[in-house]
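The terms are given with their cut-offs where they come up.

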Amino acid sequence: MGKLTSTLWLILCVFSHPVLANSQYNMRKGVTDISNNVYQLHMTIFIICCVIGVIVFAIMFWALIHHRKSKGAVPAQFHESTKVEILWTAIPFVILIAMAVPATKTLIAMEDASKADLTIKITGSQWKWHYEYMGEDVEFYSILSTPQDEIANLADKNPNYLLEVDKPLVLPINQKVRFLMTSDDVIHSWWVPDFAVKKDANPGFINETWTNINEEGTYRGQCAELCGKDHGFMPVVVVAKSEADFKTWLADAKQAKQKAALADAALLDKTLPKEELMTLGEQVYMANCAACHQPTGMGLPGVFPALKGSPIVLGDIKDHIDVVIHGRPGTAMQAFAKQLSIKQLAAVITYKRNAWGNDTGDVIQPSQIQAALDAKVEAN
């Protein structure tokens with residue numbers, strides 16, 4: 001048995017916490033108390049399973065070698081042994097209880113989103129995230145910012161390929177942040193491994209979870225639910241700041257929203273040139289529309305309609321504006337009224353009506369977008 005003891009000790013050293021913690025294949029410890037608890041629970045159960053496996057196979061091979069037929073071994077007869085049956089029932093029961101107690105404590109803690117310092121509503125849609133800081137009058141969409149050239153293999157991929165966004169979610173450290181999860185269309189799942197947070201966003205329902213980040217930094221995740229053809233292009237990026245820096249960021253975000261509103265108001269009396277709108281429109285289209293309607297405007301037959309030669313794009317301007325800003329219920333066409341500024345809306349509609357050979361010559365102005373928005377408000 002001396003060799004068996006040495007073997008067990010060697011295996012335990014190989015599977016020790018320091019060794020496994022540095023493995024790229026292992027779970028992350030993360031940057032929250034919950035993620036660390038999950039990691040410790042994972043490692044504890046993993047090592048228990050390894051020890052059980054080693055002991056069982058060691059005894060099995062030892063028995064095969066020392067009780068083989070060539071040595072004249074005679075099988076022992078101990079059928080219906082009450083002591084053995086009690087023993088092999090009691091030992092697994094004790095092991096399961098030892099694993100269930102810490103697991104239950106961790107699961108209960110993960111579901112306790114009460115007494116939060118900050119609440120953020122997260123809405124998933126194909127294929128972006130909308131963040132709303134409840135009670136703070138700050139909200140924005142977070143969209144993949146990886147260049148199309150990298151996606152099309154026309155340029156070298158950067159280290160954060162498909163894990164970068166135009167506007168990350170900004171959170172304070174050392175504060176309990178409650179998340180309210182929902183969806184505009186299909187089922188999504190908001191997942192950040194470093195927080196040990198993975199929660200489904202279901203249309204028509206509100207799920208909740210929470211986190212409390214211990215360290216400043218940038219943390220990345222993804223949508224973990226197969227939500228459509230561009231499921232892999234829906235990253236999550238969270239920037240954790242100190243409490244003081246977060247307050248500064250929040251104040252700046254509120255001020256930026258006010259400035260944007262003033263900028264939109266200033267545009268209502270201006271006539272923007274077609275060239276400026278076409279340049280901006282192409283940028284907006286590639287960031288928000290190309291995933292469905294394709295960069296060529298040809299769409300995906302049977303899934304997303306083509307914009308080249310489209311009766312909507314070539315038809316009445318008011319109808320086209322209405323579709324873009326209010327979307328089409330029951331379809332994948334989203335409402336972009338809250339996602340884009342009135343200048344961006346005017347630019348992308350102008351671009352669609354003059355790109356890919358459509359050549360209508362129409363130039364949509366911000367004032368026309370604002371008029372459509374006001375008409376919708378009055379109708380409601």
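## Terms and model

For the classes used below, Ala, Val, Leu, Ile, Met, Phe, Trp, Tyr, Cys and Pro count as nonpolar, Asp, Glu, Lys and Arg as charged, and the others, Gly among them, as polar. The model is predicted, and local features need pLDDT of at least 70, side-chain atom pairs count only at pLDDT 80 or more, while totals for chains, interfaces and linings use all residues. Residues are numbered from 1 along each chain as its sequence is written, and side-chain values use heavy atoms, with hydrogens and water left out.

## The second largest pocket

By class, the second largest pocket is lined by eleven nonpolar residues, with no polar and no charged ones. A pocket here is found on a 1 Å grid over the protein atoms alone, as an open set of points where a 1.4 Å probe fits, with protein on both sides within 12 Å along at least five of seven lines, and its lining residues have an atom within 4 Å of a point. The volume comes to about 370 Å³, where grid points are joined across faces, edges and corners and the volume is the space filled by probe spheres set on the points.

The lining consists of V51, I52, I55, V56, I59, M60, V84, L87, W88, I91 and P92. Two elements, α3 (33-66) and α4 (82-111), each give two or more residues to this lining, and α3 gives the most, with six residues. Helices (H or I, at least four residues) and strands (E, at least two) are DSSP runs, numbered from the N terminus.

## Helix α7 and its packing

Helix α7 covers residues 274-288, and its 15 residues reach 20 Å from the first C-alpha to the last, close to the 21 Å expected at 1.5 Å a residue; the expected span is 1.5 Å times one less than the number of residues. The buried residues of α7 are L277, M278, L280, G281, V284, Y285 and N288, where buried means under 20% relative accessible area, exposed over 50%, and partly exposed in between (1.4 Å probe, protein chains only). These buried residues pack against β2 (128-133), α8 (290-293) and α11 (342-354), with contact meaning heavy atoms within 4.5 Å.

## Salt bridges

Side chains of opposite charge can pair when their charged atoms come close. With a salt bridge taken as a side-chain nitrogen of Lys or Arg within 4 Å of a carboxyl oxygen of Asp or Glu, the count comes to eight. One of them joins K343 and E276 at 2.9 Å, N to O, and this pair links distant parts of the chain, with K343 in helix α11 and E276 in helix α7, 67 residues apart. K343 is partly exposed at 25% relative accessible area, and E276 is also partly exposed, at 33%.

R178 forms a salt bridge with E208, with the closest N and O atoms 2.9 Å apart; R178 lies in strand β5 (residues 177-183) and E208 in strand β8 (residues 207-211), 30 residues apart. Relative accessibility is 27% for R178, which counts as partly exposed, and 34% for E208, which likewise counts as partly exposed. The side chains of D230 and K229 meet in a further salt bridge (3.2 Å, N to O), in which D230 counts as buried at 9% relative accessibility, whereas K229 is partly exposed at 40%.

## Loop residue P168

P168 sits in the loop between α5 (148-151) and β4 (169-172) and is partly exposed, with a relative accessible area of 25%. Leaving aside neighbours within four places in sequence, P168 is in contact with F140, S142, V237 and V239. The C-alpha atoms of P168 and V74 are separated by 70 Å, the two residues being 94 residues apart along the chain.
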